[in-house]
Amino acid sequence: MQIKEKTRIGYYPGCAITMGSSSEEYGTSVLRVAEAIGPELEEIHDWNCCGASSAHATNHKLSTALSIRNISLAEQSGFKEILAPCPMCSQRLIISQKDVADDEELKKDVEDAIEMPCNGDVKILNYLELIKNYCMDEIAEKRKKTPKDLKIASYYGCLLLRPPKVLQFDDPENPTSMEEIVEATGAISVDWELKTNCCGGGFTLSRTDIVLKLTNDILECAVDAGADAIAVACPMCHANLDMRQKKIEKEYNRKFNIPIVYISELIGLALDLGPISLGLNKHFIDTESVVNAFA
Amino acid sequence: MGKKIGVFVCHCGTNISATVDVEKVAEETKKNNPGVSYTTTYKYMCSDPGQKLLRDKIKEEGLTGVVIAACSPKMHEHTFRNAAIKSGLNPYHVEISNIREQCSWVHPDKPVGTEKSTDLVRMMTEKVRKDKSLKPIKVHVTKRALIIGGGIAGIQAALDIADGGHEVIMVEREASIGGHMAQLSETFPTLDCSQCIMTPKMVEAAQHDNITMHTWSEIESITGYLGNFDVKIRKKARSVDLDLCTGCSSCWQVCPCKKIKSEFDMGLANRTAIYIPFPQAIPSKPVIDRENCILFKDARKKNIKPNDSKVCRKCIDACPIAPVKAIDYNQEDEIIDVKVGAIIVATGFRELEDGLYGEYGGGKYEDVITGMQFERLASASGPTDGKIKRPSDGKEPEIVVFIQCVGSRDPSKGCSYCSKTCCMYTAKHTMLYKHKVHHGHAFVFYIDIRCAGKGYEEFSQRAIEEEGATYLRGRVSRVYKKGDKLIVLGADTLTGSVVEIEADMVVLASAMKAQDDAEQFAQKLSIQYDKDKFFSEMHPKLKPVESSSAGIFLAGTCQGPKDIPETVAQAGAAASKVLALLSSDELEREPVVARVDRQLPPVFSTCIGCFYCQKVCPYSAIESEDIKARDGSVIKTVARVNEGLCQGCGLCAATCRSKSIELDGFNDEQIYAEINAVEFN
Amino acid sequence: MAEETKFEPKIVAFLCNWCTYAGADLAGTGRNQYQANVRVIKLPCTGGIDPLFLIKAFERGADGILVSGCHPGDCHYNSGNYHARRRWNVFRPLLEFCGINPERIQFSWISAAEGGKWVETINGVVDTVRALGPFEGYQKINTIGPDASSESSQT
Amino acid sequence: MKIKITTKELKSDFAKEVKDRSGIDVKKCYQCGKCTAGCPVAYEMDYMPNQIIRFVQLGLKREALTSRTIWLCASCITCTTRCPKEVKIAELMDVLREMSLEEGLANPLEKNITTFHQAFLNSVKKHGRISELWMLNEYKMKRPKTALQDLIIGPQMLSKGKLSFLPHDIKGKDAVKRIFEKCK
């Protein structure tokens, strides 16, 4: 096996997972894991928000321009690949990249708006892709802890997989990447049915009722499948399942108390990077059971 | 000497065993029926191992009678009797007890089904006990086929049989062969022009050495049976001598009656009284429409011979044939007799009559036309040279509404079936319309889009996606006239809304119906027909081209709605059946025939010579036979059955006053045995 | 009376091979359920049914009889069913004379396409005969003798 | 509902307008309903997703653009993923929302959703990135009825350091502002 050079990858955290944001522990743990085993992550200079749902839901050109600006910045810094751990960001970046590649006119408008050229030859990775491409051997090599009997339900949500024709990542109906990573950390994957269902995402503030119903279905399914914790790779999924869990329990009158952990945190625990430094103390639902499993 | 009877009870997978305890049936049969020496059950008796089981057991157990308790005898009686032959048992000692169609499938309660099955098996066991060995009857085969109908089905079948080396007589009641297909514009799903593929076939049929064509002719009667049918053909008076006429067109050019609606053009154009239906007609020789010709009208009024009328003699004067003119006003119907061995019925369909749908104008609005009329509009050789123009004012319609299922799937109008072709031809119509009227809009009201066929689904989707036809899911409730527009009131159930369209033209996808005279025709041929008057096939799956009468086959839409490819395939299949039949000089026929008691010496015959049997026999199969003394004097005259003619109905047996006639396979002893075997409590 | 409610009539049906037998098969193919009281005897044509068959069935203990063939005009043998109908017209008064309620025998036309009609007909016959009660004419002849009142006068 | 089709009313072609803007060809849809069957939010919608497509197919612009459905679409893209005819339904919803806003037809019953999008984009426009606290603030000011929601979560987030008081302005925030201007 070849010894890999530390690859330089552009890091696009996005708004939700930067320090001081709602999902900062995701960003923290991604960076900590990368320091330990991953390719070198270098934050894209002066990145901006991708516009998320609010932009694509209301203004296609704006949405595309906001995303493409970040890609152009990365291109200018000479990156060949960008990691966007937040799947909303990675999805928006990839779709925008494809849209400008397919539409010459749109490309012109966008380049005009962002005042920069865009070549479109940067590859955008989601976090699971990054780990699968660069870190599986390292996890195996450098794993220090093996969790005892920790059953994890891997939850993908929407944005990592759909639209499949554009994202071209894993099987859209029965993905397995996250399970492979979960098993690499020594935890046990449970098979369950709702791993690609929608959690309601951006409706968390505007239509909380919808989010509560969808997340309740997801939590029920995972718990009934025997999961001790749910692994996620998306800050929206995490926010809805973790921060809203108490409210779901109240609304639907069922106690779940199931920790929702980022896949990066699981890797970190297996590498023994320390729960606090991974941000496991920032969760609303106590993660002690997961941390203890790695003791 | 008692028979050794074997009883084989079939599970039919679980078709029987789910509601009949087959083991118990076998057990009870063995226990309670002396003479039943062997019983067993088997998963699929009709399968190869099942038949082997039967063959082996007949030999091993020395069985002299067999009852198979399984599906209807109509399914596999033949199969099992053939298997018995292979083991040396006369096949008429094998009987089927129908415990599937008439028991397990209709009685869900297992104890009830089991009891009934046991009863049915016992009845058959008792019948088998009385079964006698019978020998198949050999009949001579006339190696000639009759095809009734000269549409695409008839033409295809005729060509296939003629190419196979046998003589074909084709009878077509119209003045030309070609049928409906000759009227079509372009055909789905390839959009090749119907004329281009049809006319060469018509010519081929007309020129084929083995095909004799009788147009403007109808079947007068058919008697006889498989291999030996006697057919009377009525050649209707054409008023034109086909041998003399050259089809020069002089006559119809001078005909003064020019305002007769052309049947071929579905009333969208006019024709003369002496006419050929369409330019490519075969034979390309005219016929005089005696209803509308003023000469014939005059002759009828004055009650004189047509030739004596002097009202108009333009056509005969124009006829250049000399010295004898090709036109003969006094020509009369002619009956010709032919003998054939097999018959293919290919009499086609008719389009739903106008006027049935009052809510769509009931034939009142000129611009509400039928599918066939649209075909004529779109046809390059049609009345508008293929330009889409509304019949009322010749304007190019900007909005055309197509209504599907007009007359189909409408039990309230007496038609519950799907006409099968309309979804496809409507999609085709929208395409043809859009090809010819680029800025036009086509709307289609449908209940379901049923396009099952190779390339069909793609074709109908193309109409929507590429040609831009707008499909609306719902039936139309009403079409009415407002100014020069037609207001179409429909619905789109997908949005749950009422749809009102101001259309320029409305096209009804009219149902395919059985011919008006289908019922009488079927009775003439002794073939069965279904509730919609389409002729019935012998078996919906396994005998799709055989009619219920041996030697008579079905092709095309007379059997049910179908499209051209399916019709051609069925015609080919029917032709191959006929070819198989005509390939042998003699045929074997079921020996179910009546027999007059003729125990020796002949004078002991119980027949009293009343000949009531002769009166009831539908086949004139009862002959008389003189029983003579040594000196040649007639002692008495008795009845005798001609087994070549007898079809085995048993009428004579039931009528016989001295109980001197028995029907083989269903003799009194056998029937009484069955009655006696019913378990009455 | 309790026994009467339990009474399940036995019906013997004489069917022609071409129409009604095929119609009964069709009812099976369509899985149309009907009462299991019928026992079918298949003949080529209703025209070939000897009236004595029916008498025999009654003698053996049948409670009702159905004779069914092709519709008028549809007979496989052209005219067999007409003969059957004529024969039945003659036979009917004879039955009454014998003291058999003619309602116990029904005559119908059921084509090969009429699975539903077969079901209706057979259910109708069974219900009618169930209401009439068991046919005991023959037993009475044997056991009670000439005193037995005729059945037709009861109804 | 009543659809009236006359020669006059056929001049505007909504389906074509949608296709020109987005490349999405709704004519391909044969109304099988699979999109509706798999939609997690369908139970809340006033028209089922397939009906929205139907509206576009039949040119029922107003019905489509005033529907609540287009706003309730969560953009989970399950519909597009499973569509047998490869109609991009989720993407269609984006176009319809965009057109709905342009024509001022957004359904007032889903004002929460539209206000949220507005607040979100305002924050991006101002800072180049999202300032969750200030975005939330703007949203709650505009939708006072939602002010009392999440009273527990907010402080908890603050205490865990998950909400920052200081908006993080990027250096190129003017460039971002210009993007907004140019993409109006």
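**Figure 1. The two domains of chain D.** Chain D is split into domain 1 (9-106) and domain 2 (109-182), with bounds that come from an automatic or database domain assignment. What you're looking at is a predicted model, where local features need pLDDT of at least 70, side-chain atom pairs count only at pLDDT 80 or more, and totals for chains, interfaces and linings use all residues. Residues are numbered from 1 along each chain as its sequence is written, while chains are lettered from A and ligands numbered from 1 in the order in which they are written. How far apart are the C-alpha centres of domain 1 and domain 2 of chain D? They lie 28 Å apart. Four residues of domain 1 of chain D are in contact with four residues of domain 2 of chain D (contact here means C-beta atoms, placed from the backbone, within 7 Å). On the domain 1 side, that's three nonpolar residues, no polar ones and one charged. Ala, Val, Leu, Ile, Met, Phe, Trp, Tyr, Cys and Pro count as nonpolar, Asp, Glu, Lys and Arg as charged, and the others, Gly among them, as polar.

**Figure 2. Where chain A meets chain D.** Here 46 residues of chain A are in contact with 44 residues of chain D. On the chain A side, the elements giving two or more residues are α2 (52-56), α3 (60-76), α5 (104-114), α9 (203-206) and α10 (208-224). Helices are DSSP runs of H or I with at least four residues, strands are runs of E with at least two, and both are numbered from the N terminus. α3(A) gives the most to this side, with six residues. Sorted by class, the side of chain A that touches chain D has 21 nonpolar, 16 polar and nine charged residues.

Figure 3. No contact joins chain A and chain C, and their closest C-alpha atoms lie 38 Å apart. Chain C has no contact with chain D either, with 29 Å between their closest C-alpha atoms.

**Figure 4. A look at chain B.** You'll find 18 helices and 34 strands in chain B. Its C-alpha trace spans about 90 × 75 × 40 Å along its principal axes. How much of chain B is buried? Buried residues make up 53% of its 681 residues, where buried means that 20 or more other C-beta atoms, placed from the backbone, lie within 10 Å of the residue's own. Among chain B contacts between residues at least 6 apart in sequence, 69% join residues at least 24 apart.

Methods
Contact = placed C-beta atoms within 7 Å. Buried ≥ 20, exposed ≤ 12 C-beta atoms within 10 Å, placed from the backbone.
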